[in-house]
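Subject: Structure handover

Hello,

Here is the structure I promised you. Please open it alongside this message; my notes follow below.

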There are 2 protein chains.
Amino acid sequence: MTIYNFSAGPAVLPRDVLLQVQAEMINWHGSGMSVMEMSHRGKEFMGIAAEAEADLRELMGVPVHYKVLFLQGGASSQFAMVPMNLLRGKTGADYLNTGEWSKKAIKEAKRYGAVNVVATSEDKHFSYAPTQDQWKLDPDAAYVHYTPNETIGGVEIFWTPETGSVPLVADMSSTILSRPIDVSKFGVIYAGAQKNIGPAGLTIVIVREDLIGQTVPGTPTMFDYKIHADNESMYNTPATFSLYTAGLVFKWLKARGGLAAMENTNREKANLLYDALDATDFYSSPVAKENRSLMNVPFTLKDAALDEAFLKGAKELGLIQLKGHRSVGGMRASIYNAMPVEGVRALVDYMGEFEKSHG
Amino acid sequence: MTIYNFSAGPAVLPRDVLLQVQAEMINWHGSGMSVMEMSHRGKEFMGIAAEAEADLRELMGVPVHYKVLFLQGGASSQFAMVPMNLLRGKTGADYLNTGEWSKKAIKEAKRYGAVNVVATSEDKHFSYAPTQDQWKLDPDAAYVHYTPNETIGGVEIFWTPETGSVPLVADMSSTILSRPIDVSKFGVIYAGAQKNIGPAGLTIVIVREDLIGQTVPGTPTMFDYKIHADNESMYNTPATFSLYTAGLVFKWLKARGGLAAMENTNREKANLLYDALDATDFYSSPVAKENRSLMNVPFTLKDAALDEAFLKGAKELGLIQLKGHRSVGGMRASIYNAMPVEGVRALVDYMGEFEKSHG
């Protein structure tokens, strides 16, 4: 039975990548070592890391005046690292609040400065994103932070905010690499690896060079972007095996045509699923149409008493990890880059069958 | 050709563990998923994590009033987390200085409080460890920090310092799991995974419960031991695949008889190598006999002009990553748990041959 894994993260990885990791596990390219066993300062691993960075830069079109950092600690660490590095003498920053991850970023930023919430969608249970005309930007903010895709709520923002000379910061954990973006519009982009990049334990930070170098007092050395930038992410031992696997994912993306091609496939998958949700009142999507995420699709059954039966029947067909986040309930189908169209079709087919037998 | 990898870290892993990782890569125990693809909150991964913790507790004899945390960020992050969590209103802490890693820990601690260096071996190029009668302990120190094994200098302390009611903190990155220790003598033990535990990207912290809960102002949430203790290391997504691999290493250690058995093998390996160094003046060890590390063996050739030839000849025989740390030069053979006795014998044999042809 083919398994289709709809986990929100850690999430499905491309099967071809896993097969390559498996084939190279004991003896990488005749080195006699597993990548796990390589000194991070040896020529083999330095080559792996350099190639991963070059491929990521190519895929995302990262301009030369941006550093790409391969760190640890997840987006949760960035919630502190961003204010610690970007306040740069200012008293506070602007934050958009579109859901659970925005709230966590806001809560942590308040430890280091004043937070001006430019707009919030809490009034409608975070089911949409306020358009920019609703944002109350502070022209003196150190930066503007937002979450282009809320993994739990399934709310995605497809336009790029205009913030003038104030640096724009984005938590792209669950949208990075799903479609092309213009990196030059951002001051900092960060993302945990465990959705579209690779194994958990790796965090990618893309930061404009002029924003590096000034931290608030008491910032741990490991939370200083400058330390990692100056040492090419080798100040201490990085998550070497996760970075290697991420590098293979980057090559997989390049071979499939890059991010424009991924966007096409991702839109095809998302349309299949949202069309199925809209075609009946047996299922429904809580998210405003203009903000429906390409990556995370929460949905509910008309009768929540059927949830368990739905999940059980899905699992019997190999459609797994569909249970919604504990904070919102219902279902959630995460359909990251590595989820094939066939997986979404199998889910949509099952949804139709389930409605027939339980509707 | 059999490769023997003497890297100081990331380092050689048990071949049986790598083979199991390889075998389970695509489909872990019939789940249809790679461990990399599992939600960290799903029952499969929760089971993997719980088993890893139970096995580590059994191997090290961790008392019930200690928490075991699986974190990210390496020992370099602990250099800040230790003072941030353990100062608890005190003005400073005691540090022993026995080499490069001690110095890094001291430098970072100074950002958060006063550091009293209780003793230093800098006078003799960090080639020994001051005995406790030479330590000038401050009875009002928040804690006493030391580095039982200096990975670069190859200096190991085999006795456990007596610090009375002042908590003892140890960076055990390159000695953990190499021999039994009495955890109850310590307040905090921490270690990066990439030597004796598993892949880089995982950090283990063992902390006595009464030391958890008070941090200095400005401590990032991710640097608070309490957050991780209260959430059983699942506050955010942990380095799941590294933790899984570490769990397999713990089972490998248990199957080989645990840490007492490992100590026997490690002493056998170290003795082979130190005896070879002492048997001739062609080679020499810079470290005082009572502090010669069981894990990291730096040595020099009488004529440094022969270094390149030595390394080249070694590599031709599959003896790799023997070059000394750039800060000290010469050679370094790291002989962690996963290095078989045969690997050390092969090195000793080669050293004899090389001396015959170049002596």
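Start with the second largest cavity: 16 residues line it, and Pro148(A), Met172(A), Thr175(A), Arg179(A) and Ile181(A) lie nearest its centre. A cavity here is a set of points, on a 1 Å grid over the protein atoms alone, where a 1.4 Å probe fits but cannot get out; lining residues have an atom within 4 Å of a point. The second largest cavity holds about 110 Å³ of space. Grid points are joined across faces, edges and corners, and a volume is the space filled by probe spheres set on the points. Its lining divides into twelve nonpolar residues, three polar and one charged. Ala, Val, Leu, Ile, Met, Phe, Trp, Tyr, Cys and Pro count as nonpolar, Asp, Glu, Lys and Arg as charged, and the others, Gly among them, as polar.

This is a predicted model: local features need pLDDT of at least 70, side-chain atom pairs count only at pLDDT 80 or more, and totals for chains, interfaces and linings use all residues. Residues are numbered from 1 along each chain as its sequence is written, chains are lettered from A and ligands numbered from 1 in the order in which they are written, and side-chain values use heavy atoms, with hydrogens and water left out.

The two chains

A rotation of 180 degrees, with 0.0 Å of shift along its axis, superposes chain A on chain B at an RMSD of 0.0 Å. That is the relation of a two-fold axis. Within chain A, Gln22(A) comes closest to the rotation axis, its C-alpha lying at 2.6 Å. The copies meet through the same surface, because 100% of the interface residues of chain A are also interface residues in chain B.

The largest cavity

How many cavities of 30 Å³ or more are there? The count comes to five. The largest has a volume of about 280 Å³. Of its 27 lining residues, the closest to the centre are Gln72(A), Gly73(A), Gln72(B), Gly73(B) and Ser77(B). Strand 2 (66–71) and helix 3 (74–86) of chain A each supply at least two lining residues, and so do strand 2 (66–71) and helix 3 (74–86) of chain B. Helices (H or I, at least four residues) and strands (E, at least two) are DSSP runs, numbered from the N terminus. The lining of the largest cavity has 14 nonpolar residues, 13 polar and no charged.

Look at Gln72(B). This residue sits in the loop between strand 2 and helix 3 of chain B. Gln72(B) is buried, with a relative accessible area of 13%. Buried means under 20% relative accessible area, exposed over 50%, and partly exposed in between (1.4 Å probe, protein chains only). The side chain of Gln72(B) reaches the backbone nitrogen of Gly73(A) at 2.8 Å. That side chain also reaches the backbone oxygen of Thr237(B), at 3.2 Å. Not counting residues up to four places away in sequence, Gln72(B) touches residues including Gln72(A), Gly201(A), Gly201(B) and Asn236(B). Contact means heavy atoms within 4.5 Å.

Other sites

Ser233(B) is in the loop between helix 5 (225–230) and helix 6 (240–255) of chain B. Is Ser233(B) buried or exposed? Ser233(B) is buried, at 6% relative accessible area. A polar atom of its side chain lies 3.0 Å from the backbone nitrogen of Phe70(B). Beyond neighbours within four places in sequence, the contacts of Ser233(B) include Val68(B), His228(B) and Pro238(B).

Gly218(A) lies in the loop between strand 10 (203–208) and helix 5 (225–230) of chain A. Gly218(A) is partly exposed, with a relative accessible area of 30%. Leaving out residues up to four places away in sequence, Gly218(A) touches Met84(A), Met84(B) and Tyr112(B). Gly218(A) and Met84(A) are 134 residues apart in sequence, and their C-alpha atoms are 9.0 Å apart.

Ile176(A) is in the loop between strand 8 (168–171) and strand 9 (188–192) of chain A. Ile176(A) is buried, with a relative accessible area of 1%. Among its contacts outside four places in sequence are Met60(A), Ile189(A) and Ile197(A).

Over to you.

Key. 1 Å grid on protein atoms, 1.4 Å probe; cavity = no way out; pocket = protein on both sides within 12 Å on 5 of 7 lines; lining within 4 Å. Least-squares fit on C-alpha atoms with pLDDT ≥ 70 in both. Polar contact = N/O pair within 3.5 Å; in protein donor to acceptor, adjacent residues only side chain to side chain.
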